[in-house]
Amino acid sequence: MQIQDFQTSVAESISYLSIVANNIGKLTLKIFDTNGFIAKTISTQIAQGAQLLDINLGDLNEGTYIINAFNGDEFLKAFRITK
């Protein structure tokens with residue numbers, strides 16, 4: 001599984017994650033605040049092929065966050081966002 005791109009919307013409530021998966025897997029996004037606490041966890045099943053996932057970040061407070069993406073237990077990528 002590869003993460004191609006992470007795009008935030010203008011309203012910053014919905015973001016988009018572009019993924020290419022060679023086979024079915026479980027994607028977990030762990031969103032950490034600047035103090036290192038988990039602000040939100042999102043888990044979803046991923047089908048084989050290219051996909052664009054909607055990620056709802058509207059419930060997060062304003063601030064800076066780190067999003068860590070995992071395929072099962074395998075770390076894929078980290079993103080920094082500011083809301």
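**Sheet and rings**

Student: How many bridges join strand E3 to strand E6?
Tutor: Strand E3 covers residues 25-32 and strand E6 residues 64-71, and the two run antiparallel. Strands are DSSP runs (E, at least two residues), numbered from the N terminus, and two strands pair if DSSP finds at least two bridges between them. Between E3 and E6 the number of bridges is six.

Tutor: A note on the basis: this is a predicted model, in which local features need pLDDT of at least 70 and side-chain atom pairs pLDDT 80 or more, while totals for chains, interfaces and linings use all residues. Residues are numbered from 1 along each chain as its sequence is written, and side-chain values use heavy atoms, with hydrogens and water left out.

Student: Which strands are the edge strands?
Tutor: The open sheet has four strands in the order E4-E3-E6-E7, with antiparallel pairing. An edge strand here pairs on one side only, which holds for E4 (38-46) and E7 (74-82).

Student: Why is the pair of Phe-70 and Phe-75 edge-to-face?
Tutor: A search of the whole structure finds one aromatic pair. Rings of Phe, Tyr and Trp (its six-membered ring) pair if their centres lie within 6.5 Å; planes under 30 degrees apart count as stacked, over 60 as edge-to-face and the rest as tilted. The centres of Phe-70 and Phe-75 are 5.7 Å apart, and the pair is edge-to-face because their planes are at 70 degrees.

Student: The charged end of which residue sits over the ring of Phe-70?
Tutor: The criterion is NZ of Lys or CZ of Arg within 6 Å of the ring centre and within 35 degrees of the ring normal. The charged end in question is 5.3 Å from the centre of the Phe-70 ring, and belongs to Lys-30.
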